[in-house]
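Subject: A structure for you to look at

Hi,

Here is the structure I promised to pass on to you.

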Amino acid sequence: MTLERKMLRRSFFGMSAFLKSQEGLLLLILLVVMFILSRMSTQFLTTGNLLALTRLFVEVGLMTLPMTMIIITGGVDLSVGSMFGFTAVMLGAVWQYWGLPLPAAIVVTLGIGTLCGLFNGLLVTRVRLPPLIVTLATLAIYRGLAFGVSQARSVRGWPESFQFLGQGYLGPFPIQFLLWVSAAVAVALFLGRTAYGRYVYAIGNNETAARFSGIPVDRLKLALFAFSGFMASLAGTIFVARVTTTRADAGTGMELDVIAAVVLGGTSISGGSGSIVGTTLGLLIISLLRNGLTLAGIKGDATVIIIGAVLVLAVWLNRLFARQR
Amino acid sequence: MNATNAFAPTGTRRSLLAPLQSQEATLAIFLALLVTGLAVATPAFLEAQNLRDVLVNASFPAIAAIGMTMVIVSAEIDISIGSILAVVAVLTGNLALTGMPIPLVFLIGLLAGTLLGALNGALVAYARIPSIIVTLGALSFWRGLVIYLTQGAWIYNMPEAFHFAQRSWLGVPIPVWMMIVLIALAGLFMRYSPLGRQFYAVGGNRQAAMLAGIPIKRRVFLVFTLNGFFAAIAALIYASRFSVVQSNAGLGFEFQVITAVVVGGTSIMGGTGTIWGSFLGALLLAVIGTGMTFLKVSPYWLQTVQGSLILLAVVLDVVRRRQVLVR
């Protein structure tokens, strides 16, 4: 089939093309999941529950944004859960032990998160280590720092004004939900509409070619890893404001949720393709599954089983579809 | 990362000094210095009972590191063995409680671990899913299943025969004997057997290995299956070492084992590495773990130390690789 024919067909049957795309498929799955879950529990499809749910997925959601871009470049960041926990602990430490005012403590925390990410990025771009092994090592290092700094003690007594960030509403919407929506839109626009966004795809498709085309591959990768650290610390800050305590083990295994959402959203684990829309749909499916199954009386540990299976299944299906195309 | 290198066990050009330049030698010297330092700082470190504890603590990561070395040498990764260990430990513990003959219990445990490894291998080799995704999924799947089924309950009151890891022969604990024998056999296997060399070829240059007629998929499948088998042996030691089995058994175990392998000089890019190096790596981790207790360092820092070690080892690996290229 010639290209013109193909394009004609696509515009003619735009709807069927959408349904055949990964995003369309995901939307369909999302609707089916919502339907089944609403049958299993009467509380599921209530506005109250759905809005409360947005609170829970925002923390993972913020981290899926840089993760999507990192995976598109062909890398991965396994250390996000540990950066999340470490920065949450550091927020408590900076605020309570250094005695900084809270706004300053938040800025310092975000700075620490960015530095953690920057460290990952430097090891990847300067020392040329594979992202997988770098972030596997820093996963342990940052988690160890979280335990070491806090000695497994928690910091409590956060002021009301700070808790607003994790528990407040602006109109009908939770604060952090609005934060996440604006971040997601910004990243989606960056990826789709700016030259640097397109570079991200170029790196994932063929890094050598990208380098020869004069794309600042290393600087871009470095920025993405730093952004990942920043988002993890932002999510960590919101987490502290939501649960009003710091825990050194916060976010353990969170990288699984983040990567699962991204990969389920159709981002190829070998790089080169993916979208924020897809990631968001993947995130919604995973969060709804978690929340819905919990409401239906299934314990938290069992949802981990399902997410593990969904992750492997999603990549496998993606491979099968990719081979067909 | 080139095919000729893959077949030279210690790396590049052979000279009299070559063994001293290897990561294994560096590691052995470092280990000796560390033990000496600890012995000077706290003489109690050299007491027979403590040395026995260190060796037993090293034994099950070292045995699991055999399989992991094969996986990483083949340029794959398996981060699910902590969960495989939990499945086998909980399964055998529960079976032992039913009064089943203990040898049969152990056999079923080994079979279960091998099967879980084979499942990983099938998904990687035949369904062509990247090993990091397969084993990340398996990590949470099996861990979740164990916690869900046991509801977090501990298993105890196993029959006396179950606790083989607590017994000794000639004053040396059984797990240590197992470690020595398995490390020796696997080391010889990887160095001299055609199958062992094929693992290096698969990891060193997959394209070349395929052209040389090595069945890549079957080898990758085999490597993961073997990894499950060795993880199961580690699990049997783990389960029978103390009088209880917890459902969070082996949490973070994969990290300990990967650290041992990478610190032991196996390149994360595949193609090079020795069982002997991984053994030294496991030993080093056990000494550091015990040493920190002796020096009264909070155990909360342990993960940071392990993570830093892994980074140090891979950076050294890259540096050495560049020197090889320069020559």
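Please keep in mind that this is a predicted model. I began with helix 5 of chain B, which is followed by B:Gly99, a residue with a positive phi near 90 degrees.

How far apart should the ends of helix 5 of chain B be? The helix runs over residues 81–97, and at 1.5 Å a residue its 17 residues should span 24 Å.

In soluble globular proteins, nonpolar side chains tend to be buried together. Here, the largest nonpolar core has 197 residues, and B:Leu85 and B:Ala234 have the most contacts inside it. Helix 11 of chain B (residues 216–241) gives the most to this core, namely 17 residues. If you click on B:Leu85, you can look for the residues it touches, among them B:Ala231, B:Ala234, B:Tyr238 and B:Phe253.

Finally, the two chains meet. The contact takes 35 residues from chain A and 34 residues from chain B. Which helix of chain A gives the most to the side that touches chain B? That is helix 15, with 12 residues. Helix 7 (131–150), helix 13 (254–264) and helix 15 (300–324) of chain A each supply at least two residues of that side. By type, the residues on the side of chain A that touches chain B are 24 nonpolar, six polar and five charged.

Happy exploring!

Technical notes: Residues numbered from 1 in each chain as written. Chains lettered and ligands numbered in written order. Predicted model: local features only at pLDDT ≥ 70, side-chain atom pairs only at ≥ 80, totals over all residues. Helix = DSSP H or I, 4+ residues; strand = E, 2+ residues; numbered from the N terminus. Expected span 1.5 Å × (residues − 1). Core = buried A, V, L, I, M, F, W, Y, C linked by C-beta atoms within 7 Å. Buried ≥ 20, exposed ≤ 12 C-beta atoms within 10 Å, placed from the backbone. Contact = placed C-beta atoms within 7 Å. Nonpolar A, V, L, I, M, F, W, Y, C, P; charged D, E, K, R; others polar. Lists of a residue's contacts leave out its neighbours within four places in sequence.
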